[in-house]
Structure formats: structure tokens, C-alpha cells
Amino acid sequence: MPKKIMVVDDDPDIVDYLVSVFEDHGYDTCRASDGVSAYEVAMAEKPDLITLDIEMPHEWGPRFYRRLTSEKEFSDIPVIVISGLSGIHLAIRRAVATIKKPFDPADVIQIVREALGE
């Protein structure tokens with residue numbers, strides 16, 4: 001069964017792009033456009049990994065991440081921060097990687113594979 005990646009970003013073009021990259025590499029995907037909806041999607045979809053933007057409407061990425069990882073089943077979920085903000089490496093200290101926009105999709109796939117132990 002393919003691993004599932006949740007893409008959380010308020011830019012629909014970034015979401016569509018990442019989803020297509022992941023699906024082209026055999027992953028299942030789910031998506032959300034802000035931290036509030038991302039929490040609901042994560043609970044329903046049970047992703048294996050999350051790519052997460054920092055600056056989003058309604059609830060920023062770090063707050064969503066803290067709320068999600070307070071749930072036992074998500075306490076160790078790998079997260080890759082993908083953001084255009086500077087200083088993103090400090091936003092979520094437990095992130096497996098931080099990637100600055102614009103990004104190379106090959107780099108993202110390599111990090112995903114490593115994070116998922118593939």
C-alpha cells in the first residue's frame with residue numbers, strides 16, 4: 001500500500017504541483033489550505049508524512065503542527081517545512097527538513113524517501 005503524503009499550503013498552485021510530483025512517484029496524497037482544515041484532513045486521512053507551509057490564513061503551520069503532534073497517533077509524524085519565509089529552519093525544530101521556495105522537486109522527493117525510510 002502506498003504511503004500517503006499530506007500537502008498543507010495556502011497557495012493552490014504549490015499544492016497542485018506537489019500533489020502531482022508525489023503522485024507521479026507513487027504516493028497517495030491529501031491536501032489542505034490552512035492549519036484548521038489540515039487538522040481535520042489529518043484526522044480523517046491519517047497521512048504518513050506532511051509537507052507544511054508556515055504562513056497561512058486562519059492558523060499558521062507551527063500552531064497546527066503543535067496541535068496535531070499533541071495527539072498520540074501523530075506525535076512522531078515526519079514533517080517537511082516548505083516555505084518562502086526566511087528563518088524557516090527555526091519554525092518547527094522537529095522538522096525532518098526545511099525547504100525554501102522555490103524548490104527543486106527532486107530534492108523534495110529525496111527528502112521524502114529518506115524520511116519514510118525508503
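Which residues of the largest nonpolar core touch the most other members? In this predicted model, they are Met-6, Val-8, Ile-50, Leu-52, Phe-64 and Leu-68, out of 21 residues in that core.

**The largest nonpolar core**
- Several elements each supply at least two residues: strands E1 (4–8), E2 (28–32), E3 (49–52) and E4 (79–83), together with helices H2 and H3.
- Helix H2 gives the largest share of this core, with four residues.

- Another core lies apart from the largest one and has 19 residues.
- Its members include Ile-5, Ile-80, Ala-97 and Phe-103.

**A look around Met-6**
- Leaving aside neighbours within four places in sequence, Met-6 is in contact with Cys-30, Ala-38, Val-41, Ala-42, Pro-47, Leu-49, Ile-50, Thr-51 and Phe-64.
- Among these partners are Ile-50 and Phe-64, which you have already met on the list of residues that touch the most other core members.

**How helices H2 and H3 pack**
- Helix H2 covers residues 35–45 and helix H3 covers residues 61–69.
- Their axes are 9 Å apart and meet at an angle of about 30°.
- Angles under 35 degrees count as roughly parallel, so H2 and H3 are roughly parallel to each other.
- The crossing of H2 and H3 is right-handed.
- On the H2 side, the contact is made by Gly-35, Val-36, Ala-38, Tyr-39, Ala-42 and Met-43, while H3 brings Phe-64, Arg-67 and Leu-68.
- Sorted by type, the residues of this contact are seven nonpolar, one polar and one charged.

Note on methods. Residues numbered from 1 in each chain as written. Predicted model: local features only at pLDDT ≥ 70, side-chain atom pairs only at ≥ 80, totals over all residues. Heavy atoms only, no water. Axes fitted to C-alpha atoms, helices over the stretch in contact; angles between N-to-C directions. Parallel < 35°, antiparallel > 145°, perpendicular 65-115°, else oblique. Left-handed = near helix turned anticlockwise from the far one by under 90°. Contact = heavy atoms within 4.5 Å. Nonpolar A, V, L, I, M, F, W, Y, C, P; charged D, E, K, R; others polar. Core = buried A, V, L, I, M, F, W, Y, C linked by side-chain atoms within 4.5 Å. Buried < 20%, exposed > 50% of the residue type's maximum accessible area, 1.4 Å probe, protein only.
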